[in-house]
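Please open the model in a viewer with the sequence panel beside it.

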Amino acid sequence: MNMVRVKRVVLALIVLLVFAQLVQPKRTNPPVVPSRSLEAHVQVPPQVQFILKRACGDCHSSETVWPWYSHVAPISWLITSDVNQGRNHINFQDWEAQKSPEAATEHLALICKEVRDGGMPPLSYRMMHKESRLSSEDMNAVCSWSQSFGRPSESAGQGN
Ligand code: HEC
């Protein structure tokens, strides 16, 4: 490629990025109703509450802290999609949104596996948020609580 072409490609990319900013996804924080929260329905030790808030709260609560880069396309599209999907699966502040008590228990039982396998919080999130990395002590606390809801069944985590 000659320099003129390189310049054209770079210019086209810049123009594309500028126009991408026009597509701003909605960054919502739904109202918090304390009586609908996880804690209002299930016993959660304070230590675990603290960990879930610290490491999971941005995607599984209604009080997402939106970082500055969540306003910059195309990253903003990925982040809002993660938050919306995360909340759809589990919102610790809207536990009543769970499909059924069985589904809710299943999700709680699944937490240990997700955390131990490094699936949650997602790697990209852990890279940007040091405070979301769990120590082995954190994991043990989360796991012994999560496993008190049983072991996740084989079908858990699929298509749901
Ligand atoms: C960056 C956003 C983000 C963070 C932070 C995050 N999650 Fe998630 N979580 C998601 C998304 C997106 C999904 C749904 C897609 C998937 O299964 O990968 C999900 C799904 C889940 C599920 C359901 C899995 C299933 O298959 O039904 C569990 C359980 C879960 N997360 C637990 C946690 C826990 C516990 C933490 C904190 C230790 C956490 N997540 C932190 C985004 C996040």
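Begin by selecting I51, L52, A55, C56, I111, V115 and V142: of the 19 residues in the largest nonpolar core, these touch the most other members. A nonpolar core is here a set of buried Ala, Val, Leu, Ile, Met, Phe, Trp, Tyr and Cys residues joined through C-beta atoms within 7 Å. A residue is buried if 20 or more other C-beta atoms lie within 10 Å of its own, exposed if 12 or fewer, and partly exposed in between, with C-beta atoms placed from the backbone. Helix 2, helix 3 (75-89), helix 4 and helix 6 each give two or more residues to this core. Helices (H or I, at least four residues) and strands (E, at least two) are DSSP runs, numbered from the N terminus.

The model is predicted: local features need pLDDT of at least 70, side-chain atom pairs count only at pLDDT 80 or more, and totals for chains, interfaces and linings use all residues. Residues are numbered from 1 along each chain as its sequence is written.

Next, colour the chain by pLDDT, the predictor's confidence in each residue, from 0 to 100. The chain averages 94, and 95% of the residues score at least 70. Confidence is lowest in helix 4, at a mean of 95, and highest in helix 2, at 98.

Now select L52 alone. Apart from its neighbours within four places in sequence, L52 is in contact with G57 and F92; contact requires C-beta atoms, placed from the backbone, within 7 Å.

Proceed to helix 6 (residues 136-146), where V142, W145 and S146 are buried. These residues cover an arc of only 100° around the axis and therefore lie on the same side of helix 6; the arc is that of the directions from the helix axis to the C-beta atoms. Which residues are exposed on the other side of helix 6? They are S136, E137 and S144.

Q43 is placed in the loop between helix 1 (3-20) and helix 2. Is Q43 buried or exposed? Q43 counts as exposed because it has 9 C-beta neighbours inside 10 Å.

Select helix 1 next. Among its 18 residues the count of buried residues is zero, so helix 1 is hardly covered.

Between helix 2 and helix 3 lies P74, and the peptide bond from A73 to P74 is cis, with omega near 5°. The loop between helix 4 and helix 5 (123-128) holds P121, joined to M120 by a cis peptide bond with omega about -15°.

Finally, display the whole chain. It contains six helices and zero strands. The C-alpha trace spans about 65 × 30 × 30 Å along its principal axes. Of the 160 residues, 21% count as buried.

Note on methods
Contact = placed C-beta atoms within 7 Å.
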